[in-house]
Structures are given as structure tokens and as C-alpha cells.
Amino acid sequence: MNSNRDDFSKETKRILQERVGNRCSNPECRCLTSGPNFEPQKATRIGVAAHITAAAEGGPRFNSVLSSEERKAISNGIWLCQNCAKLIDSDEKNYTINLLLEWKQISEENCRRELEGKPPIEYPQKEGWICYWCRSFVEHLQPVCGVCHAEVAYTATRKERTEAWNTGLFVGGGGSLLFFVLLPQLLNSKFEWALPIGFGLGIYALIISAIVAVTCGFISVEHKEKQYRGRPPRFFRNTNI
Ligand SMILES: [Zn+2]
Ligand SMILES: [Zn+2]
């Protein structure tokens with residue numbers, strides 16, 4: 001054994017183990033780390049007090065800034081099963097210091113909650129919503145509720161967008177029509193002018209009207225979407241959206 005290793009004391013290991021109720025601290029494992037052995041005098045132990053940053057130079061997540069005392073302090077330990085201990089040391093890029101600290105924190109918190117008779121906190125703590133209809137958890141950006149199949153609308157629904165688009169077209173197109181057809185007639189009758197329909201722009205009046213109509217369509221849809229952006233999604237069930 002390397003004498004430069006900053007191993008945990010027996011006491012530190014025991015406390016690490018007890019602070020997580022003798023379970024592996026990987027929130028997706030949480031297996032028990034000891035049980036009875038065939039020999040009545042013995043217990044089978046598969047728990048490991050793993051180092052968050054390695055006990056010796058060259059080890060996983062080694063932090064040269066830490067002192068020897070800090071490296072063997074309880075704050076640098078995490079209680080794991082043998083599998084998970086092997087896992088975190090085989091892939092230090094995936095199992096980062098921050099992730100391990102998060103595991104440790106959640107495991108201790110869940111152990112505390114279990115002692116107090118409370119339900120454990122969910123892990124990973126995903127961003128999500130509660131379905132309006134069935135009250136189940138729906139992960140953020142998931143398009144349908146996994147339980148009741150309600151559709152989740154994060155912005156305007158397709159129906160609302162179509163309606164907004166039609167309204168924009170109608171307002172823009174209608175407005176242009178009034179401008180190019182009715183306005184010259186109105187001015188002519190009022191001032192006895194002789195303005196032609198479309199102010200003499202001919203086919204260009206039609207093109208301009210079309211552009212205005214489409215632009216109003218886009219603006220209208222954007223306006224509709226903006227109403228729902230940054231808000232909790234809406235849940236629709238059995239409706240044509
Ligand atoms: Zn484990
Ligand atoms: Zn639902």
C-alpha cells in the first residue's frame with residue numbers, strides 16, 4: 001500500500017456509513033451495504049468509504065490544493081457500494097466532484113427524511129410540471145402526459161396559431177383592401193378628385209395588400225405565442241388542439 005494515501009479513519013468510515021443509513025449513496029442504486037453472512041458470527045459488507053477527491057496523487061479527481069487533513073476529512077468521503085465505488089473511479093469525467101457531492105447531499109437528506117417518516121426527494125430532480133388532469137409529473141418539454149395522455153401546450157396550440165394567422169390575414173388583407181379600394185372612392189366623392197382604385201398602382205396594390213396581409217398574419221401568430229411564453233404549459237385532453 002502506498003504510504004502517501006490519505007485514508008479515512010475507522011471512525012470517519014463508520015459515520016459516513018451511518019449518515020446514509022448503510023445504503024449506497026448513488027441515488028439510483030441505494031442498495032444496502034451489509035447483511036448477514038452464512039457464518040453466524042459474521043456480517044457480509046459491500047460498502048466502501050470512497051474518496052470524492054482521490055486519497056493519493058494520480059487517483060481519480062485528485063485535488064493537489066487540498067491538505068492531507070482535508071483529503072481524509074469526512075467532507076471528502078462518500079459511502080458507496082463496491083459496484084458504485086468502482087464505477088465512479090473508472091470514469092472520473094462522468095462522476096465529477098460536484099455530482100458526488102450532490103449524491104452525498106441527497107442521500108443524507110433522504111436518510112434524514114426516512115428517519116422522520118417523510119417520503120424521499122426524487123432524483124434526478126427534473127424540471128417538470130404537474131398534469132392538470134391526472135396530477136402526475138410531466139417532464140419539461142414532454143409533449144404528452146405519460147399517464148393520461150393529455151397534450152401539453154408550452155406556447156399557443158396549433159388551433160390557436162391557425163386562428164391567429166387567419167385573424168392577421170383578415171385584418172391585414174381587409175385593411176389594405178379598404179385602403180386601396182374604398183379610400184380613393186371616399187376621397188373622390190368628398191373632394192371631387194379622380195383618384196383611380198389602388199391609387200394607380202395597379203397590380204402592385206394587390207402585391208402590397210398581400211404582403212401586408214401576410215405580415216399581419218405573422219405578427220398575429222407571434223402575439224399569440226407571446227401570451228403563453230414563459231408560462232406554465234396548459235394541458236388539453238380529448239380536444240382537437
Ligand atoms: Zn451502489
Ligand atoms: Zn395527465
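**Helix packing and ring pairs**

Guide: The axes of helix α5 (residues 158–191) and helix α6 (residues 203–228) come within 7 Å and cross at roughly 145 degrees. Axes are lines fitted to C-alpha atoms, for helices over the stretch in contact, with angles from 0 to 180 degrees between N-to-C directions; helices are DSSP runs (H or I, at least four residues), numbered from the N terminus. This is a predicted model, in which local features need pLDDT of at least 70 and side-chain atom pairs count only at pLDDT 80 or more, while totals for chains, interfaces and linings use all residues. Residues are numbered from 1 along each chain as its sequence is written, and side-chain values use heavy atoms, leaving out hydrogens and water.

Visitor: Is S176 buried or exposed?

Guide: Buried means under 20% relative accessible area, exposed over 50%, and partly exposed in between (1.4 Å probe, protein chains only). S176, found in helix α5, is buried because its relative accessibility is 6%. Beyond its neighbours within four places in sequence, S176 is in contact (heavy atoms within 4.5 Å) with S209 and V212.

Visitor: How many aromatic pairs are there?

Guide: Rings of Phe, Tyr and Trp (its six-membered ring) pair if their centres lie within 6.5 Å; planes under 30 degrees apart count as stacked, over 60 as edge-to-face and the rest as tilted. By this rule there are seven aromatic pairs. One of them, W165 with F218, is edge-to-face because the planes stand at 70 degrees, with centres 5.2 Å apart. This pair links helix α5 to helix α6 across 53 residues.

Note on methods:
Chains lettered and ligands numbered in written order. Helix = DSSP H or I, 4+ residues; strand = E, 2+ residues; numbered from the N terminus.
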